[in-house]
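Subject: Structure handover

Hi,

Here is the structure I promised to pass on. Please open it alongside this note; my findings follow below.

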Amino acid sequence: MEIFGIPLQAFLGQLMLGLVNGAFYALLSLGLAVIFGLLGIVNFAHGALYMLGAFTAWILFDQFGLNYWYALILAPLAVGLLGVIIERLFLRHLYKLDPIYGLLLTFGLALILEGVFRELYGSSGQNYDVPDLLTGATNLGFMILPIYRAWVVVISLVVCLGTWFLIERTRLGAYLRAGTENAPLLQTFGVNVPFMVMCTYGAGAALAGLAGVLAAPIIQVSPLMGSNLVIVVFAVVVIGGMGSILGSVITGLSLGLVEGLTRVFYPEASNIVVFVVMVIVLMVRPNGLFGKEA
């Protein structure tokens, strides 16, 4: 069976690859949207934090013999702790300033982290094996589904929707949103706003670290793995609407599928299709598809 002259298995395989990429876009853009939407920081260090998550998983295995399942918990916690340190040492001084200062600071931090890891481990990349439980593939009849890639999509969806529910539908989320709008008033009710802000940045960093762990068995772990991806993720956030949690998730998954389809019909444009969509969306809706009108 063929679709527009393309074998069905090849067509569905590219869609699956696009969905996996979309899962990473969604998870990373979610962390960016949380940090910008609640703190107003344009976090250009997000790609480096993603890289750190992957490297932490690799180091845990290479140096300590801890497998993927330990890394899935420990690496996001370690990256989240680094995020807390970054927020306490640097970012807390910038909240009342123009967002460009936060962008420049986090861009500098990203360059430092990438430079340090490139000096320590080189640029060639390290291999990280798929865990035994998730190796192989399942024959669905109409396509071969790699088990690990399906796992990436499922866990990303669970984390993204869980984060959206926490922020939009719980009392803690209400405190977070109130803290961004009127922190002094919220503090009069006994809420420790600085601690809450610190934890928010740490959680956004942990989401990037989790994405890095999920990516480690699929691509080589290298210091530059986040530098190109973060540009695409920023485009996803802009298309969805800066600060829109649900918009980032939906847009990330959708653009991953669009990218996969582009690889099928016009491979040469697959690397730029996200940016073409961004230009079109900004011409029609400058605040993004799910952004609030100014």
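The expected span of a helix is 1.5 Å times one less than its number of residues. Helices here are DSSP runs of H or I, at least four residues long, numbered from the N terminus. This is a predicted model: local features need pLDDT of at least 70, side-chain atom pairs count only at pLDDT 80 or more, and totals for chains, interfaces and linings use all residues. Residues are numbered from 1 along each chain as its sequence is written, and side-chain values use heavy atoms, with hydrogens and water left out.

Helix H11

H11 covers residues 273–284, which makes 12 residues. At 1.5 Å a residue they should span 16 Å. The end C-alpha atoms are 17 Å apart, which agrees. Buried means under 20% relative accessible area, exposed over 50%, and partly exposed in between (1.4 Å probe, protein chains only). The buried residues of H11 are Val273, Val274, Met278 and Val281. They cover an arc of only 140° around the axis, so they sit on the same side of H11. That arc is taken from the directions from the helix axis to the C-beta atoms. Their cover includes helix H9 (227–240) and helix H10 (245–265); contact means heavy atoms within 4.5 Å.

Salt bridges

How many salt bridges does a search of the whole structure find? It finds 2. The criterion is a side-chain nitrogen of Lys or Arg within 4 Å of a carboxyl oxygen of Asp or Glu.

- Arg88 pairs with Glu87 at 2.7 Å, N to O. Arg88 is partly exposed at 29% relative accessibility. Glu87 is buried at 0%.
- Glu259 pairs with Arg263, with the closest N and O atoms 3.8 Å apart. Both lie in helix H10, 4 residues apart, about one turn of the helix. Glu259 is buried at 5%, while Arg263 is partly exposed at 25%.

An α-helix has 3.6 residues a turn, so residues three or four places apart point the same way.

Ser156

Ser156 is in helix H5 (residues 147–169). Is Ser156 buried or exposed? Ser156 counts as buried, at 2% relative accessibility. Its side chain reaches the backbone oxygen of Val152 at 2.7 Å. Leaving out residues up to four places away in sequence, Ser156 touches Ala23, Leu27 and Leu214.

Cysteines

The disulfide count is 0, taking a disulfide as a pair of cysteine sulfur atoms within 2.5 Å. Cys160 is buried, with a relative accessible area of 1%. Cys199 is partly exposed, at 34%.

Best wishes

Notes
Helices (H or I, at least four residues) and strands (E, at least two) are DSSP runs, numbered from the N terminus. A polar contact is a pair of N or O atoms within 3.5 Å; within protein, one must be able to donate a hydrogen and the other to accept it, and residues adjacent in sequence count only if both atoms are side-chain atoms.
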